[in-house]
Amino acid sequence: MTEHAGLAAWVKEVETLCTPDKVHWCDGSTKEYDEMMQLMVASGMATKLDESSFPNCYLFRSDPSDVARVEGRTYIACREEENAGPTNNWIDPDQLKETMRGLYQGCMKGRTLYVIPFSMGPIGSPIAKIGVQISDSPYVVTNMHIMTRVGTRVLEVLGSAGEFIPCLHSIGAPLEPGQEDVPWPCAPVEKKYISHFPDENLIWSYGSGYGGNALLGKKCLALRIASVMARREGWMAEHMLILRLTNPEGRRYHIAAAFPSACGKTNLAMLQPSIPGWKCECVGDDIAWMKIGGDGRLHAINPEAGFFGVAPGTSYDSNPMAMDTLKSNSIFTNCVLTDDNKVWWEGMDEPCEHGIDWKGREWTPASGEPGAHPNSRFTAPAKQCPAICPDWEDPAGVPIDIFVFGGRRASVVPLVRQALDWDHGVYLGASATSEVTAAALDIKAKLRRDPFAMLPFCGYHMGDYLQHWFEMGDKLGDKAPKVFYVNWFRKTEDGRWLWPGFGENARVLKWMCERIDGKVDAVETSIGLMPTADGLDLEGLDIPAADVEELLRVDDNAWKAELPDLREFFAKFGDRLPPRMQAQIERAEQFQRA
Ligand code: SAT
Ligand code: MN
């Protein structure tokens, strides 16, 4: 319970509206977690995995309709439609609330209402924020235990009048007396709503029990609502991993990097450098909150406490650190259950001959469909990662030296380049583009523009967001991080990878560190500052000189061919496109005309 009158009143109000059978205040304890898991095993929602291979781990199978975020049902309900901008869905807040109140009416009948007090960021950190989620899903409670800091300590920090972000969630599946429950209750897609009311820091989610739709601390609070707060208050909430790189002399560099999905963000966050003497540690794999510190530099915290990672493709080969993290105390959703009660997914080191697929059907490799859903997930405590940075919970955060943007492009975009200056860096982040398919050549692939990897996560007008980036640069001045753009995914015309990726990406990060220390020269080109022929440390790497040349080649004609589409994309922002972005587009056009 709480001494906070505002919180108590809100919980009472929701209880009256949603009419649950019971109310449970979460204390965040291990006992609470274990009891809820036992409850879900008993009800058939969860399967306990083999205790010797996966201690304290559980598998869940969602409803086949409830497997990912629903961007089409996600709303930014600010007062003025204009302020949501062209990249968000908008509904008038009063109207949306009326619709949703209708849905919430009696929606927790037959269920328990859980009150989940949580902190995004180390409890008490000046960068952290407190949220309170109400949910009728025990699956959500256990995931929130891993992904955030839940419990009584949060209520203590909140005190009797502290500020919190109310996050209301229901799976939207009331139980009538005598009605039998299903393993994964949820509402049909046309009744799902993931709603944000940024003018009052409020989140209302209905109808889904999955991932970012339901774990409201993550994308809803830490990105959509926080991005609005950050702009208002002069800080940054970004869809970025955070890592610390230490060189052989012990000098530390902190990197924050944004990539669209399917570009190996989690792998980069847990990179194991191939070059001798260099060490990499993970601070966060998905979200960075950054504030200017007393030293004038930008300091970042990871607001989360766990990893909600895509399972398929994760293996000892691609990401041993993630594999070691998820070995215990983890939750798996929509993976294959093997005959010996372990989990499996496509791309794991060993093949699986027989098991139960994510839909609960018998499965073999001959079944003709993936056994694990492509968006199947692991929820694992960050502190279990062998590469976690010892300072990952430092309330002051880590000082960011370098921003990295990137995307997946088979052609045109070189392995690495440095922005000419801050404004050019903002232009690089804003023009980030990735192939939706893993097709061999760009011509066949569909390109998705995803500025700063924030397209589905920016809680206000993207044009204003770009302006906020420019203004942060003005505030930071010469203490601003240096900006780079990478592409690990270049291919030859016949589809061969040009760059080995994974641990070898440390060579590119090393070049960035040497650039900021002024240790290596760069070549100025029309698209930025490029490594010189011998700029990258390629020692011990078996790669043909011609491939390196191709990886670093600037094809002005190809760049020129992309500019009309980019201009069209930016035109969507209308008169909210910052003049400084306009100037960058014109600069690019001029260069490529010359
Ligand atoms: O489902 S989440 O939003 O938490 C993960 C993702 O889509 O990136
Ligand atoms: Mn993400």
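Tutor: Let's take the labels one by one, bearing in mind that this is a predicted model.

Student: Where do Lys219 and His239 sit in the chain?

Tutor: Lys219 is in helix H7, while His239 is in the loop between strand S11 (236-238) and strand S12 (241-246). They are 20 residues apart, and the pair links distant parts of the chain.

Student: Why does Lys219 count as buried?

Tutor: Buried means under 20% relative accessible area. Lys219 has 7%, so it counts as buried.

Student: What about Arg409: buried or exposed?

Tutor: Buried: its relative accessible area is 3%, and the cut-off is 20%. Arg409 is in the loop between strand S25 (402-406) and strand S26 (416-418).

Student: What makes the pairing of Arg409 with Glu562 a polar contact?

Tutor: N or O atoms have to be within 3.5 Å, with one able to donate a hydrogen and the other able to accept it. The side chains of Arg409 and Glu562 make such a contact at 2.6 Å.

Student: Now ligand 1. Which residues are around it?

Tutor: Arg69, Gly211, Gly212, Lys218, Lys219, Phe308 and Arg377. Helix H6 (211-214) and H7 each supply at least two residues of that shell. An oxygen atom of ligand 1 is 2.7 Å from an N or O atom in the side chain of Arg69. For a polar backbone atom of Gly212, the distance to a ligand oxygen is 2.9 Å. Taken alone, ligand 1 exposes 250 Å², and the protein buries 87% of that.

Student: Why is helix H12 (residues 506-516) called largely enclosed?

Tutor: Count its buried residues. In H12, 10 of the 11 are buried, so the rest of the structure largely encloses the helix. Among them are Trp511, Met512 and Cys513. H12 is followed by Gly518, whose phi is positive, near 70°.

Student: Last one: what makes a group of residues a nonpolar core?

Tutor: The members must be buried, come from a set of residue types such as Leu, Phe and Trp, and be joined through side-chain atoms within 4.5 Å. The largest one here has 155 residues, and those with the most contacts inside it include Trp289, Met512 and Phe570. Its largest share, 9 residues, comes from helix H7 (residues 217-233). Apart from this core lies another, of 32 residues, among them Tyr104 and Leu158.

Student: What is Phe570 in contact with, leaving aside its neighbours within four places in sequence?

Tutor: Its contacts are Tyr427, Ala430, Ser431, Leu466, Leu577, Met581 and Ile585.

Key:
Residues numbered from 1 in each chain as written. Chains lettered and ligands numbered in written order. Predicted model: local features only at pLDDT ≥ 70, side-chain atom pairs only at ≥ 80, totals over all residues. Heavy atoms only, no water. Buried < 20%, exposed > 50% of the residue type's maximum accessible area, 1.4 Å probe, protein only. Helix = DSSP H or I, 4+ residues; strand = E, 2+ residues; numbered from the N terminus. Contact = heavy atoms within 4.5 Å. Near = heavy atom within 4 Å. Areas by Shrake-Rupley, 256 points an atom, 1.4 Å probe, with all protein chains shown as cover.
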